[in-house]
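Please read the points below alongside the sequence and the coordinates.

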Amino acid sequence: MGAVYEDKIKMFYDEHMHEDEEIRYILKGAGYFDVRDVEDKWVRIEVKEGDLLILPAGIYHRFTVNEENYINAMRLFRAEPKWAALNRGKDTDENKLREEYLNLRPQGLPDQMS
């Protein structure tokens, strides 16, 4: 599909975060968003035509297409668009929105349920 396409797919697969919600509506095709759980392990979310996915600001994630190698997704914004992807590293670990996300997310299930 060309070098530009391949470079874009590789960029999306680099672990990163955004300083705003990533809202994606899948128009055609399919792919996978990988997100980190509370133990920093990958969780894979399949998205396909008609799906709407909302990732909170500050969550580390990555994206890849499936074996059909095609997706058409619309990115939606609540306010002024922020397109910048911030690759995981010391600076993003200390990012204010990353810290807010970590403080707000669920901390997992209790060991025993009542």
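Predicted model: local features only at pLDDT ≥ 70, side-chain atom pairs only at ≥ 80, totals over all residues.

1. The core. The largest nonpolar core is made up of 11 residues, among them Ile9, Ile26, Val47, Ile59 and Tyr101. Strands E2 (22-36), E4 (52-55) and E5 (61-65) each contribute at least two residues to this core, and the largest share, 3 residues, is that of E2.

2. Phe33 within the core. Phe33 is one of the members of that core, and, when residues up to four places away in sequence are not counted, Phe33 touches a list of residues that includes Val47, Leu53, Leu55 and Phe63, each of which is likewise a member of the core. The contacts of Phe33 also take in charged side chains, including Glu22, Arg24, Arg44 and Arg62, together with Val43, Ile45 and His61.

3. Strand E5. This strand is mostly covered, since 5 of its 5 residues are buried. In a regular strand the side chains alternate between the two faces of the sheet. In E5, His61, Phe63 and Val65 point one way while Arg62 and Thr64 point the other way, and all of them are buried. E5 runs antiparallel to E2, and 5 bridges join the two strands.

4. Thr64. Which residue of E5 is the bridge partner of Tyr32? The partner is Thr64, which counts as buried because its relative accessibility of 18% falls under the 20% cut-off. Leaving aside neighbours within four places in sequence, Thr64 is in contact with Tyr13, Gly31 and Arg44 as well as with Tyr32 itself.

5. The largest pocket. The space in this pocket comes to about 440 Å³, and its lining consists of 23 residues, of which Lys8, Met11, Phe12, Arg24 and Phe63 lie nearest the centre. Helix H1 (3-13) and strands E2, E5 and E6 each supply at least two lining residues, with H1 giving the most, namely 5 residues. By class, the lining divides into 14 nonpolar, 5 polar and 4 charged residues.

6. Backbone at two loop positions. Most residues other than glycine have a negative phi, and most peptide bonds are trans. Asp40, in the loop between E2 and strand E3 (42-48), has a positive phi of about 70° although it is not a glycine; Asn69, in the loop between E5 and strand E6 (71-76), has a positive phi of about 60° and is not a glycine either. Asp40 counts as partly exposed at 33% relative accessibility, and Asn69 counts as partly exposed at 26%.

7. Arg98. The C-alpha atoms of Arg98 and His16 are separated by 11 Å, although the two residues are 82 residues apart along the chain.

Conventions: Residues numbered from 1 in each chain as written. Heavy atoms only, no water. Core = buried A, V, L, I, M, F, W, Y, C linked by side-chain atoms within 4.5 Å. Buried < 20%, exposed > 50% of the residue type's maximum accessible area, 1.4 Å probe, protein only. Helix = DSSP H or I, 4+ residues; strand = E, 2+ residues; numbered from the N terminus. Contact = heavy atoms within 4.5 Å. Pairing = 2+ DSSP bridges. 1 Å grid on protein atoms, 1.4 Å probe; cavity = no way out; pocket = protein on both sides within 12 Å on 5 of 7 lines; lining within 4 Å. Points joined across faces, edges and corners; volume = space filled by probe spheres on them.
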